[in-house]
Amino acid sequence: MFAVNHLVVITNICKFFVLKLINKFRCVQLQEETPQVSDTITTWITLPGQAFPLGVSEVDCGINFAIFSQHATAVTLCLSVPESSSVNGSQGMIELALDPKVNKTGDIWHICIKDFPRSNVNYGYRIDGPQGWHAGHRFDSSIVLIDPYAKLVEGRRYFGDTSEKFHNFLGTYDFDSFPFDWGDDYKLPNIPEKDLVIYEMNVRAFTADESSGLDPNIRGTYLGVIEKIPHLLELGVNAVELLPVFEFDELELQRRRNRRDHMINTWGYSTINFFAPMSRYASDGGGPRKASQEFKEMVRALHGAGIEVILDVVYNHTNEADDANPYTTSFRGIDNKVYYMLDLRNNGQLLNFSGCGNTLNCNHPVVMELILESLRHWVVEYHVDGFRFDLASVLCRGTDGSPLNAPPVLRAIAKDAILSRCKIIAEPWDCGGLYLVGGFPNWDRWAEWNGKYRDDIRRFIKGDSGMKGNFATRVSGSADLYQVNKRKPYHGINFVIAHDGFTLYDLVSYNFKHNDANGEGGNDGCNDNFSWNCGYEGETGDNAIKGLRSRQMKNFHLALMISQGTPMMLMGDEYAHTRYGNNNSYGHDTAINNFQWGQLEARKSDHFRFFKEVINFRRRHHVLGRDSFLSKNDVTWHEDNWGNYESKFLAFTFHERSGDIYLAFNAHDFSVKVSLPLPPVKRRWFRV
C-alpha cells in the first residue's frame, strides 16, 4: 500500500488535516511502478468528508469523494491533478490513505479536499481486503480502480487506437463547465408508445465509413449522428435505439493472446461504467468532457427532429470477465461479493447467466440503487427517453441466481418518479435459460422484445408448414402473450431483425451462419436462424434468386409494419446491408458493421423507397398501431382453412371508421387466386 510522503497533521481537534506535498511525493505510474519526482509545492486541507452522494460531488467545503465497499479493510484515493508532472504521457498520481476511524461511515469511505480543482482531475481507488477467494473476495490493491459513480471516464482518446491498447481508465469530473443550453424552444418529443417506429443503430457504425461523406474528425461520433438526421426523417422512423453508449473498452479482446485478439468490440456490450458516455464517440479525440457535451447536442438535435432516444443498457454483466481471465477495472476489486452473483457452495466462483463470465448482482440493495441512480442520471442529465435492457431476465434473479416472481429492481424502475416518462423495454431472456417472453414481471409498464414474433414471422414467410395460425396471432398483436391486466399491444416490441443475428439481406441469402472471421471456429452465434437462402448460399448473379430475395425482404418489412405492436427495424436493412452471413459481428470495426452510404444511394429508387413508404403508410393509418387489443369487430379473417397444416395463405381486413385495410400474404411457391371482400357502402378498394 502506497502513502503520500510528508503528510503533516496540523490539528485533530477540528478533524481536518493539511497535506503538504514538498519536493517529493510518491508518484505512481499506471503502466509502470517507477517513482517519479515532482517539483510542485501544493497544500490542501482535507476534511473527513460525507458519505452521500456517492461518487464525486462539490460541497460547501470543497470536493467530496465517497465510495461504497462493505468488505474493504483499506481504501486509498489516487489523484492525478493538473499540477502533477507527466511522464511518458501518463500522469503521476498522489495517493491519500483513508483512515477508517475518520473517513468511513458504515460501509462508505469518504474524504473532502478543500480548494481542490473543479475539473481536469483523474482519480481512482486502491482497495484492499480479505483474500479468501472461496468467500467471494477478489481484492487486489495493486490496481487503481474506477469509481462506479464516476460521471465521466478518461481513457484512450481515439477509438481502436491499438498503440494505446493497455491504457488504463480513470474517473474524472467537471464542475467548471456551464450547464448545457437545451434552448428556449426545446421540448421532449413525448411520442405515445403506440406510435413508435424504432430504428436500432450503432453510433459509431452509422457514420464511421468513408462513404458517409463526413469530415474524418466526426465520423463514428455523436456529432456524426446529427449530420445524418435527414436520413432518419426521410426513412420515417421516430425513435432511435442506440447500441451501448456507456463507457466500454473496445480493445479489451486484445489485452492478451487469444483466438479473438484481432477483434475490436464495436457493439459495446461490455460496460466499464454505468454513468459515463462513451468518450471515444467524441469528435476528434476530444475526451470525456467533450463526449458529454456532444452527446447532449445529439439528443437535442434528435428531439428537435421529433425523434426519441432510447439507450440499450447492459446491467446484466460488466467488462470484468471471469475468474480465468479477469479484466479488473472497478467492481471486482471494490467489492466482488456485493457486485456479482457468486456460488459460495462452489469455492466462491462467479455465476454466469450473461454468457460473458460474470453476472451483476442486480437485486442486492446496493447494486439496485446503483442501477436506479444511473438510469436517473441519463434521464435528468442527458434527457434520454427510454431504455432497452439487455438480457433483462438477469434482473429477475436473486442474489443466489434463483428466479424471482417480483424482482425488487424491476419494480423500482417501473415505479420510479423520474423514470415515469420513460419507455422501458426488456430483452426477456438470459444465457441461463430464463426465457420470459410474455411473462416478464411488468407492473403494466415494461415492454418486451417479442422473440416469438421474430421466430413465427420468419418461419411463415419462408414457407414453413403449420405456421399460419401463429402468423395471424403475431400480426394481430400477440394477445396470447400480452393481453393480461392492463398491458397493451405496444408492450410487445415486434422485430424480425436485430443487431445480433442475420441482417435482413442475410436472412434471405444464407441458410447457415458464416462466422469464421470471429476466430472461434464458427462455434459462436445462434444456430436457429429460421432463414432461407432462396436457392443459393450467399452472393449470386442469378437474377431470379436475386428477385426472390428482394420480394422476401419486402414481405418481411411489410409484415412488420402492418402488425399490431411496436415495430423495430435494424440500421442498414433499408438498403439491404449484408454481413456476408456473419450472425455475431460484434468484433468487426469494418464494412461488415458500418453503414454503407454508397449502397443506400444505389438502392434509393427501389428497395429504400419501398421501406420508407411502408413506414409512412403505417404512421398514417392508426388502425395499424392500436392502443387496445383487437376485438371481433376490429378484424375479419378471410379464412375457413385454419386446420390445414399445409395452408400458407392468409388474408384479413383491419376495420376502422376512416377506412378498412385488406392484407393478404401468400407463402406458397405458387400463386393463389382470391376475391376481395365487398367494400363498405359508398366505399371502394384502392391498391396501395
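User: Is the β-α-β unit made by strand 16, helix 4 and strand 17 right-handed or left-handed?
Analyst: First off, this is a predicted model: local features need pLDDT of at least 70, side-chain atom pairs count only at pLDDT 80 or more, and totals for chains, interfaces and linings use all residues. Helices (H or I, at least four residues) and strands (E, at least two) are DSSP runs, numbered from the N terminus. A crossover is right-handed if, with the strands pointing away from the viewer, the path from the first strand over the helix to the second runs clockwise. The path from strand 16 over helix 4 (residues 287-304) to strand 17 makes a unit that is right-handed.

User: In which sense does strand 17 pair with strand 16 and with strand 20?
Analyst: Residues are numbered from 1 along each chain as its sequence is written, and side-chain values use heavy atoms, with hydrogens and water left out. Strands pair if DSSP finds at least two bridges between them. Strand 16 (residues 239-242) has four bridges to strand 17, with Glu241 opposite Ile310.

User: How many of the six residues of strand 17 are buried?
Analyst: Buried means under 20% relative accessible area, exposed over 50%, and partly exposed in between (1.4 Å probe, protein chains only). In a regular strand, side chains alternate between the two faces of the sheet. One side of strand 17 has Glu308, Ile310 and Asp312, the other Val309, Leu311 and Val313, and all of these are buried. The count for strand 17 is therefore six of six.

User: Which side chain makes a polar contact with the side chain of Asn319?
Analyst: Asn319 is in the loop between strand 17 (308-313) and helix 5 (331-339), and it's buried because its relative accessible area is 4%. Beyond four places in sequence, its contacts (heavy atoms within 4.5 Å) include Glu252, Ser270 and Tyr327. A polar contact is a pair of N or O atoms within 3.5 Å; within protein, one must be able to donate a hydrogen and the other to accept it, and residues adjacent in sequence count only if both atoms are side-chain atoms. At 3.2 Å, the partner of Asn319 is Thr329.

User: Why is helix 8 called largely enclosed by the rest of the structure?
Analyst: Its cover includes helix 9 (468-475), helix 12 (543-562) and strand 27 (661-666). Among the residues of helix 8 that are buried are Tyr453, Ile457 and Phe460. Helix 8 (residues 451-461) is largely enclosed because the buried share of its 11 residues is eight.

User: Which residue caps the N-terminal end of helix 8?
Analyst: Look for a side-chain oxygen 3.2 Å from the backbone nitrogen of Lys452. At the other end, just after helix 8, Gly463 takes a positive phi of about 105 degrees. The N-terminal cap is Asn450.

User: How far apart are the C-alpha atoms of Leu232 and Lys612?
Analyst: Leu232 lies in helix 3 (residues 229-235) and counts as buried because its relative accessible area is 0%. Its contacts include Tyr199, Phe206 and Leu302. Lys612 is 380 residues away along the chain, but the C-alpha separation is 9.8 Å.
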